[in-house]
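Good morning, colleagues. Please have the sequence and the structure in view while I speak.

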Amino acid sequence: MSVRGIFHTSAGKAIALLLALGVAAGVLVAGITLPAVGGVGVGIVTTSNDLDIKPEDLQEPPLPEKTVVLDADGHQIAQFYDQYRASVPLTQVADVMKTAIISIEDYRFYQHGPIDIEGTVRAMAKNLISGGVSQGGSSITQQYVKQVMLNKASTKQEQNEALAPSYGRKLSELRYAMGLERKYSKDEILEKYLNIAYFGAGANGVEAAAERFFGVSASHLNLAQAATLAGAVQQPNNTDPSAGKKSRQRLVTRRNTVLDRMAELKKITPLQAEEAKSKPLGYKGTPLPGGCEASPYPYFCMYVRADILTNPVFSAFGKTAEERNVFLKRGGLTIKTTLAPKAQAAADKAIRDRVYATDNPVASEALVEPGTGEIKAMAASRKYGTDERRKEVSYNLVADAAHGGGTGFQAGSTFKVFTLLTALGKGWRIDDGLSAPAGYTAPGYSSFKNCKGDPIGDPAHTVTNDEGSGGFKTLATGTWQSVNTFFVELEQKVGLCDVVKTAKSLGIKRADGRPLQEYETFTLGINEMDPVTVATAYAAIAARGTYCPPQAITEITDRDGRTTTYEPRCRQVLDPGVADAAADILKGVFGPQGTMSAVGGIGRDAAGKTGTTDDYSTAWFAGFTPDLAGAVSLGDPRGATSHKLSGVTIGGRYYSVVFGADISGRIWKSTMLKALRGTEATPFHPIDGARFGGCGSGCAPQQPSGNDSGYDSGYDGVSPDPGFTRQGRR
């Protein structure tokens with residue numbers, strides 16, 4: 001018959017009660033023996049002499065630890081946790097805290113063995129008399145066992161079993177406690193207990209509790225604070241100071257009990273106890289925020305989280321998104337990211353200066369480093385949140401759906417770059433051109449074919465230019481002036497599918513994850529995009545044709561200090577000479593005939609492309625230097641097609657219509673000026689003149705363009721701004 005069985009018989013109860021009375025009288029009962037497991041050798045014998053109290057090894061899974069996210073400079077920008085905890089060694093816990101917890105929970109901790117026999121039997125006797133479990137009597141080692149079992153529980157039933165008021169559970173605790181004290185020193189057990197204990201107010205472990213309750217580390221706790229935390233562990237939910245006044249009053253009472261006990265044990269003087277008891281509770285309720293909603297950079301944080309959950313690079317964290325999410329919240333990781341505080345601050349300010357958080361249209365910007373794909377900043381005009389009255393948004397405005405974003409906005413004429421690159425790759429020279437009509441209609445259905453070989457030309461649809469401009473355009477002048485008909489005709493000549501392939505090689509994919517729409521208007525940007533994807537594509541041109549997928553995480557350190565570094569996964573997708581020639585042409589967008597003429601350059605080599613969709617639904621600018629690329633989108637999340645950028649007030653200014661350079665272009669310029677301040681200017685690589693001819697951005701058009709106003713003939717120009725004239729700032 002096992003011990004567990006004995007305690008379910010009246011004889012067992014009588015023996016236990018007799019033993020309890022004997023211990024209480026200081027007498028060892030003759031004939032009742034058990035191998036010594038504490039400071040006193042006491043035991044219970046069964047009728048079969050089968051003692052089922054043997055040391056048992058306790059499996060101790062790693063404690064759930066918070067994961068910390070850092071920016072590129074090592075500053076914390078976010079944290080994720082299931083249980084808020086920051087484990088610390090015992091040397092980083094104030095001595096008064098150790099004294100307080102031992103005094104109230106297990107004052108003979110360093111004297112008895114794995115089980116405090118006197119306390120345990122005394123508790124059992126009282127429980128037998130009361131007919132239930134009314135007194136614990138557990139040692140700190142036993143309490144640690146219970147906490148481990150509770151943390152291991154993955155179901156509600158397992159949690160209930162870990163807390164069950166049964167002698168069976170108590171005996172299991174005894175066996176595990178015996179095993180632990182064979183395995184660890186007393187200091188090691190105390191350290192483990194202090195790190196696993198729950199103190200209330202969402203704080204697990206003494207370090208988190210010290211921070212949450214008093215805004216200090218565990219090493220700086222004073223007497224009153226230590227007594228408060230020591231008192232909180234007995235009934236943390238009942239004395240949770242965040243639950244209200246009554247709970248705080250109960251916690252003060254419990255604190256004073258601890259102080260009295262410490263004085264009784266002569267660990268402190270009665271005067272010290274009274275002085276500490278006279279102090280107010282001092283609960284600060286220091287916020288312990290978690291998740292991206294509490295991050296100062298919520299959109300970047302969302303991107304990092306989504307990467308961990310879905311990116312194959314991080315498959316070691318789990319096979320499924322659910323498994324990875326658990327690991328993220330419990331794994332105690334330190335994630336270092338690519339976010340550059342200087343660049344982020346520049347993007348935030350540039351957007352804030354041009355678009356208000358309460359405006360209906362939303363501006364979003366991403367900055368990406370050429371040659372690495374590292375995302376340096378993600379900013380948006382709207383605040384992240386769930387309050388619709390304040391126009392907060394709960395999705396990622398800067399990224400695609402795979403990273404928590406929405407459907408994005410049509411990218412407009414920023415897509416003309418892919419047709420330009422395709423033409424250069426097929427042997428077109430900078431001063432090669434064609435006569436662009438005022439209106440372009442596909443010659444026939446077979447004039448355009450998608451990548452499946454299906455004819456998709458639409459003779460019933462006519463592409464037009466703003467103000468009806470047309471005429472002979474070169475690759476340079478057609479790009480500077482963003483002539484719609486020029487690019488649709490150029491796309492027909494170089495092949496729609498090849499243009500699509502060029503775009504895909506640069507990482508272009510729809511924000512909503514659906515297949516790209518492959519129609520003749522592909523070059524006009526009919527596909528909905530996100531700033532991260534567009535900025536990364538343009539960064540590849542800046543890197544002379546080297547495409548690097550967007551990267552937000554550079555290294556991850558696990559709880560044991562092992563660090564995994566994640567290098568850029570770049571590949572050459574464009575002929576470097578083609579990229580150089582495209583960059584040279586795109587420099588001219590800032591020149592006197594370019595769509596950014598009224599905005600101007602940034603004082604160093606820079607290239608880019610405006611993008612305004614049909615009927616002013618959305619407005620973009622994407623541009624780059626050899627050191628940094630960025631893309632800015634502007635549109636109304638209520639529906640860009642039905643809520644156009646015409647007759648709108650944005651950032652306190654009224655716009656009859658909004659072109660790509662008006663707001664997005666100026667946001668990009670302001671961002672770059674500040675983000676690159678202090679960075680030595682890097683020039684673009686010279687073009688191969690023998691191969692591409694012309695003089696690039698310094699060329700004059702071969703024939704008059706019929707549009708020298710600085711306005712874009714393809715919906716991408718500059719509308720009047722209160723602080724600007726066509727010649728520049730007043």
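Where in the chain does Lys391 lie? Lys391 is found in the loop between strand 7 (375-380) and strand 8 (409-410); helices (H or I, at least four residues) and strands (E, at least two) are DSSP runs, numbered from the N terminus.

Before I continue, a word on the basis of the values. This is a predicted model, in which local features need pLDDT of at least 70 and side-chain atom pairs count only at pLDDT 80 or more, while totals for chains, interfaces and linings use all residues. Residues are numbered from 1 along each chain as its sequence is written, and side-chain values use heavy atoms, with hydrogens and water left out.

To return to Lys391, its phi is near 60°, a positive value in a residue other than glycine. With a relative accessible area of 25%, Lys391 is partly exposed. The terms here are as follows: buried means under 20% relative accessible area, exposed over 50%, and partly exposed in between (1.4 Å probe, protein chains only).

Ala201 also has a positive phi, of about 60°, although it is not a glycine. Ala201 sits in the loop between strand 3 (198-200) and strand 4 (203-204). Ala201 is buried, at a relative accessible area of 7%.

The protein chain contains 23 helices and 24 strands. Of its 730 residues, 56% are buried. Among the contacts in the chain with a separation of 6 or more, 71% are between residues 24 or more positions apart; contact means heavy atoms within 4.5 Å. The accessible surface amounts to about 29,900 Å², and carbon and sulfur atoms hold 50% of that surface. Such areas come from the Shrake-Rupley method with a 1.4 Å probe, and for residues only the protein chains shown count as cover.

I turn next to the cysteines. How many disulfides does a search of the whole structure find? The search finds three, a disulfide being a pair of cysteine sulfur atoms within 2.5 Å.

One of them is formed by Cys292 and Cys301, with sulfur atoms 2.2 Å apart. The torsion about this S-S bond is about -75°, so the disulfide is left-handed. Cys292 is buried at 6% relative accessible area, and Cys301 is buried at 2%.

Another pairs Cys451 with Cys497, and here the sulfur atoms lie 2.2 Å apart. Its S-S torsion is about 110°, so this disulfide is right-handed. The pair links distant parts of the chain, 46 residues apart: Cys451 is in the loop between strand 10 (439-441) and strand 11 (462-464), and Cys497 is in helix 19 (residues 496-505). Cys451 is partly exposed, with a relative accessible area of 34%, whereas Cys497 counts as buried at 15%.

There is also the disulfide that joins Cys548 to Cys570, with an S to S distance of 2.0 Å. The torsion about the S-S bond of Cys548 and Cys570 is about 110°, so that disulfide is right-handed. Cys548 lies in the loop between strand 14 (546-547) and strand 15 (553-557) and Cys570 in the loop between strand 16 (563-565) and strand 17 (571-572), so the pair ties together parts that are 22 residues apart in sequence. Is each cysteine of this pair buried or partly exposed? Cys548 is buried, at 4% relative accessible area, while Cys570 is partly exposed, at 32%.

My next topic is helix packing. Two packed helices are described by the angle between their axes and the distance between the axes. The axes of helix 15 (residues 341-354) and helix 22 (residues 661-675) come within 8 Å and cross at roughly 145°. Axes are lines fitted to C-alpha atoms, for helices over the stretch in contact, and angles run from 0 to 180 degrees between N-to-C directions. The residues in this contact include Ala343, Ala346 and Ile351 of helix 15 and Ile663, Arg666 and Lys674 of helix 22.

Finally, I would draw your attention to Ala540, which is in helix 20 (residues 531-542). Ala540 counts as buried, at 1% relative accessibility. Apart from neighbours within four places in sequence, Ala540 is in contact with Leu506, Gly545, Thr546 and Tyr547. The C-alpha atoms of Ala540 and Gly507 are 9.3 Å apart, and the two residues are separated by 33 residues along the chain.
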